Amino acid sequence: MQNKGEIAKIAAAVVLPQLGGFVNGHLTRQEIKVWYNQLTFPSFRPPNWVFGPVWTALYSGMGYASYLVWKTGGGFSGPAQIPLALYGAQLALNWAWTPIFFKMHQLKWSVVEIVALTGAVAATGIAFHGVNKLAGYLFVPYFAWCAFATLLNYNIYKLNTPEQSTTATIEEITDDSKQK
């Protein structure tokens with residue numbers, strides 16, 4: 001049985017990613033009612049109630065994975081150093097997506113950000129696997145969800161961005177030349 005100190009370390013690792021999710025959830029709750037629900041969505045978008053439990057499970061898995069890498073890899077100065085730096089980077093990208101999408105309503109930039117996040121999640125999972133196989137495997141559902149979220153985010157962007165025509169009709173060209 002693990003001692004209380006190890007249990008506290010595991011708990012801290014699991015709680016850390018939840019904090020950003022909690023803060024972002026609180027900051028964007030009003031945006032869901034006023035802005036998000038007014039968007040056009042692809043048919044494959046899950047109902048809103050799915051996101052909370054999914055993210056809670058994913059944050060718990062990634063937090064526990066970070067503990068496994070920290071413990072197996074000798075803390076922040078051993079072989080775990082680079083994988084844990086990647087973990088911190090992907091966590092920062094994870095937490096940054098929500099304000100970009102929900103608070104700033106930047107659909108295009110949220111797509112760019114989530115592509116970077118998904119790449120960082122893949123890199124972190126691979127790096128974690130090199131230190132602790134279970135930790136790497138714990139990133140597989142997170143990567144799968146991020147890939148799905150990227151597809152969802154891109155489709156929301158496309159469905160809610162007016163098309164800008166890059167072509168003109170003959171009438172538009174001739175009307176423009178008459179005005180000059």
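**Helices, salt bridges and aromatic rings in a predicted model**

I will begin with residues 82-102: this span is 100% helix and 0% strand, and its end C-alpha atoms lie 31 Å apart. Helices here are DSSP runs of H or I with at least four residues, strands are runs of E with at least two, and both are numbered from the N terminus.

Before going on, a word on where the values come from. The model is predicted, with local features needing pLDDT of at least 70 and side-chain atom pairs counting only at pLDDT 80 or more, while totals for chains, interfaces and linings use all residues. Residues are numbered from 1 along each chain as its sequence is written, and side-chain values use heavy atoms, with hydrogens and water left out.

Now the overall layout. The protein has six helices and zero strands, and from the N terminus on the order of elements is α-α-α-α-α-α. There are 180 residues, of which 36% count as buried. Buried means under 20% relative accessible area, exposed means over 50%, and partly exposed is in between, with a 1.4 Å probe and protein chains only.

An unreviewed UniProt entry lists residues 49-70, 82-102, 109-128 and 134-154 under "transmembrane region". Those positions are in the numbering used here, the feature name is shortened, and such annotations may be inferred rather than shown by experiment. For residues 49-70, the model gives 100% helix and 0% strand, with 33 Å between the end C-alpha atoms.

Next, the salt bridges. Side chains of opposite charge can pair when their charged atoms come close. A salt bridge is counted when a side-chain nitrogen of Lys or Arg is within 4 Å of a carboxyl oxygen of Asp or Glu. How many does the structure hold? It holds three.

Lys9 and Glu6 make one of them, at 3.3 Å from N to O. These two residues are three apart in helix α1, which puts about one helical turn between them. Lys9 is partly exposed, at 39% relative accessibility, whereas Glu6 is buried, at 14%.

Glu6 also meets Lys71 in a salt bridge, at 3.6 Å from N to O. Lys71 is partly exposed, at 47% relative accessibility.

Lys103 is partly exposed, at 42%, and Glu31 is buried, at 16%.

Let me stay with helix α1. The C-alpha atom of Pro17 is 7.7 Å from that of Met62, although the two are 45 residues apart along the chain.

Leu16 is also in helix α1, which covers residues 4-34. Leu16 counts as partly exposed, with a relative accessibility of 39%. Together with Val15 and Leu19, Leu16 makes a nonpolar surface patch of about 250 Å². Patches are built from residues with over 30% relative accessible area and no salt bridge, joining like charges within 9 Å and nonpolar side chains (Val, Leu, Ile, Met, Phe, Trp, Tyr) within 5 Å. The areas come from the Shrake-Rupley method with a 1.4 Å probe, and for residues only the protein chains shown count as cover.

Last, the aromatic rings. The structure holds 20 aromatic pairs. Rings of Phe, Tyr and Trp (its six-membered ring) pair if their centres lie within 6.5 Å; planes under 30 degrees apart are stacked, over 60 edge-to-face, and the rest tilted. Tyr64 and Tyr67 are stacked, because their ring centres are 6.1 Å apart and their planes are at 25 degrees. They sit three residues apart in helix α2 (residues 48-72), separated by about one helical turn. Tyr64 is partly exposed, at 30%, but Tyr67 is buried, at 3%.

Trp35, Tyr36, Phe41, Trp97, Phe101 and Phe102 form one aromatic cluster. Over the ring of Phe41 sits the charged end of Arg45, 3.8 Å from the ring centre. That description applies when NZ of Lys or CZ of Arg is within 6 Å of the ring centre and within 35 degrees of the ring normal.
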